[in-house]
Amino acid sequence: MAGNNDGLLGALGDLIGAVVPLSVRELESEISDRMHKIPTALNEFGFDRFGLSPEEARRSLLPSALLYRHYFRVSTEGIERVPGGRVLLISNHAGQLPFDAAMLSTAMLLEAEPPRIARGMGEYWIPQLPFVSTSAHRMGSMVGTPENCTALLEDGECVVVFPEGVRGMNKTFDQRYQLQRFGTGFVRLALATKTPIVPVGIVGSEEQQPGIANLASLGRLLGMPALPITLGFPWLGPLGLLPMPVKYWIGFGEPITLEGSGDEEDAEVGRFVDLVRAGIETQLEHGRSQREGIFSG
Amino acid sequence: MEKVLIAGISGGIGRLLARRLLADVEVCGVDSLPWESGPAEIPRYQVDLRKREFEDVFRKERPTAVVHLGSRRDFRGDAGRRHDLNVRGTQKLLEHCARYEVRKVVVISSGTVYGAQPENPFFMDEDHPLSGSRDYPEIRDLVEVDTLASGFLWKAPQVHTAVLRPVHVLGRFARSMMGDYLRLDRQPTLMGFDPVMQFIHEEDLVEAIVRSLELGLSGVYNVTGPGEVPLHTAIRETGGEAFALPEQLMRPAMRRLFGWKVVPWPAGALDYIKYPVTLSGRRFVEASGFRPLFGLEECFRGIRG
């Protein structure tokens, strides 16, 4: 394959694969097996039409799968509720860095039947970042435009949307488990494409990296959508970006099927948004009530 | 009987199209360059599209259909002259078509007019803004040619005008920016970028033009080929060898080297190997039933002839 452009994650995956014990090899072959079962159509060169490559994604997923099994020790509930074909997973978003997105997509690959590639809808600045841009495309993610989301849903894909966006991801610790304002675009897309919505609650990410402040305006000067100040960052440098080994739990609610055209007034769309939001809150309450502590459960 | 005038008949696509059409219709052609070995039954005129002699070809040949392949796309030479040649040449061509009662016009634009930008969605449709010249001022004339041709749709509603915007054209005879790049022995790429690209075989583009003529299509259409692959796969499959350089190095170097006329592409061309520029060909497929005959492997295999 085009070895010089697989991205840092792929290289990291190779490195880990080369020096580590049998359990990791097993995880690697598990990822590989699951990757073969995804329902996505590939061309003769092994890519889907958006540049997803299971072959390259497989290598990039190993670090993520290791975090999933051994660091965040993720458990899931209700993943069988995710219907086949086109579906929108709508989730809370927190934790300064998008480990929640990585864990949700790893869950869809390792636990869902059949395994699915959870397509991420990224910020506009991601395509401008070398390596990150390539890795994102190989793993099936892309810029979060309505056109892209519609095209994926029409292909019968599973798309993840975090309607809080950076408002959620870079909020401070005192706001944990308080859902921030939701964007409404996902509801219009679901209505227009008749796509079922599965509300997803992720417990753990909200505590992985307690934010003290968000210097958003300074961040914008540096070309980033946010500049979080946390217990570890920027004081410890890049090391300070490491999340704490919190216990993750991901809950999937009953699919919500909305009736409409997508051209409804904002107020009506807002009611649908609240419905989904309530679904996520139900999952979050359920997940938090049954865990023993932040680091165990 | 239909008589098709091909502007730009001496180029690769022009020649292929002329031979393809010859079986069914009368063909004539103009170009600024000669086609020395061309078939004797095709009258050819070596003229400048902006000059009076070009209009005289319309009087003499009385074409019923015109295919415009006559835009210059290479960047060597004077930029102002190229702009004038392309924009004023197209304007004259369309004026003559209206005056001499041509019934069908097909103008070949390009998918590059949409521009390579980070916020591009995948599979842009024909209504997507033409932002190509935002970061790539050198192709402003090509965007303008496209706009002139699209404007002709409502200016001359009695003429069936089809504006085709094909993805990267590959083949033995066709010249295109991406084809020339892939024919290099080694391809410079931007480190960490590997955008998905679309290609179409030159024979399939010819087929798409023929369909547009036969059906008398009116409208603006993206023309897409057999599929999508990342840049590095295309480089490997066409027998090239990629060497990646950091963008911070490549961009200033390209600017310098283009200025010295060492490389044939301005620095703005780099965005086309950085961001995906992919088109939706759905509208053309629905209007014409077009399906590409040549697969990606055949597109790649053919280019080094």
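Predicted model: local features only at pLDDT ≥ 70, side-chain atom pairs only at ≥ 80, totals over all residues.
Let me begin with Arg82(B), which is buried, with a relative accessible area of 7%, where buried stands for under 20% relative accessible area, exposed for over 50%, and partly exposed for what lies in between, using a 1.4 Å probe and the protein chains only.

Residues are numbered from 1 along each chain as its sequence is written, chains are lettered from A and ligands numbered from 1 in the order in which they are written, and side-chain values use heavy atoms, with hydrogens and water left out.

Which residue is the salt-bridge partner of Arg82(B)? The partner is Asp141(B), with the closest N and O atoms 2.8 Å apart, a salt bridge being a side-chain nitrogen of Lys or Arg within 4 Å of a carboxyl oxygen of Asp or Glu. Arg82(B) lies in helix 3 of chain B and Asp141(B) in helix 4 (residues 140-155) of chain B, so the pair ties together parts that are 59 residues apart in sequence. When I say helix or strand, I mean DSSP runs numbered from the N terminus, with helices being H or I of at least four residues and strands being E of at least two. Asp141(B) is buried too, at a relative accessible area of 2%. Elsewhere, Asp48(B), Arg50(B), Lys51(B), Asp84(B) and Arg88(B) are joined into one network by salt bridges that share partners.

Another pair in chain B is Arg99(B) with Glu55(B), whose side chains meet in a salt bridge of 3.0 Å, N to O. Here helix 3 (residues 79-99) holds Arg99(B) and helix 2 (residues 52-61) holds Glu55(B), so parts 44 residues apart in sequence are tied together. In this pair Arg99(B) is exposed, with a relative accessible area of 57%, whereas Glu55(B) is buried at 13%.

Over all chains, a search of the whole structure finds 42 salt bridges. One of them is in chain A, where Glu254(A) and Arg81(A) have their closest N and O atoms 3.3 Å apart. That pair links distant parts of the chain, 173 residues apart: Glu254(A) sits in the loop between strand 9 (249-252) and helix 10 (266-290), and Arg81(A) in the loop between strand 1 (75-77) and strand 2 (87-91).

Now to the sheets, where two strands pair if DSSP finds at least two bridges between them. Chain B has an open sheet of 7 strands in the order 3-2-1-4-5-6-10, with parallel pairing. Its edge strands are strand 3 (44-46) and strand 10, each of which pairs on one side only, and the twist averages 15 degrees from one strand to the next. Strand 6 (residues 160-166) and strand 10 of chain B pair over 5 bridges, and Val163(B) has Val220(B) as its bridge partner in strand 10.

Helix 2 of chain B lies across strand 1 (3-7), strand 2 (26-31), strand 3 and strand 4 (65-68), and runs at about 165 degrees to strand 1. Helix 3 of chain B also packs on the sheet, touching strand 1, strand 4 and strand 5 (104-108), and its direction makes about 170 degrees with that of strand 4. Axes are lines fitted to C-alpha atoms, for helices over the stretch in contact, and angles run from 0 to 180 degrees between N-to-C directions; contact itself means heavy atoms within 4.5 Å.

Finally, look at strand 9 (residues 196-201) of chain B, in which 6 of its 6 residues are buried. What lies on each face of strand 9? On one side are Val196(B), Gln198(B) and Ile200(B), and on the other Met197(B), Phe199(B) and His201(B); in a regular strand the side chains alternate between the two faces of the sheet. Strand 9 of chain B pairs in the parallel sense with strand 7 (residues 168-170) over 3 bridges, and is joined by 4 bridges to strand 11, the two running antiparallel.
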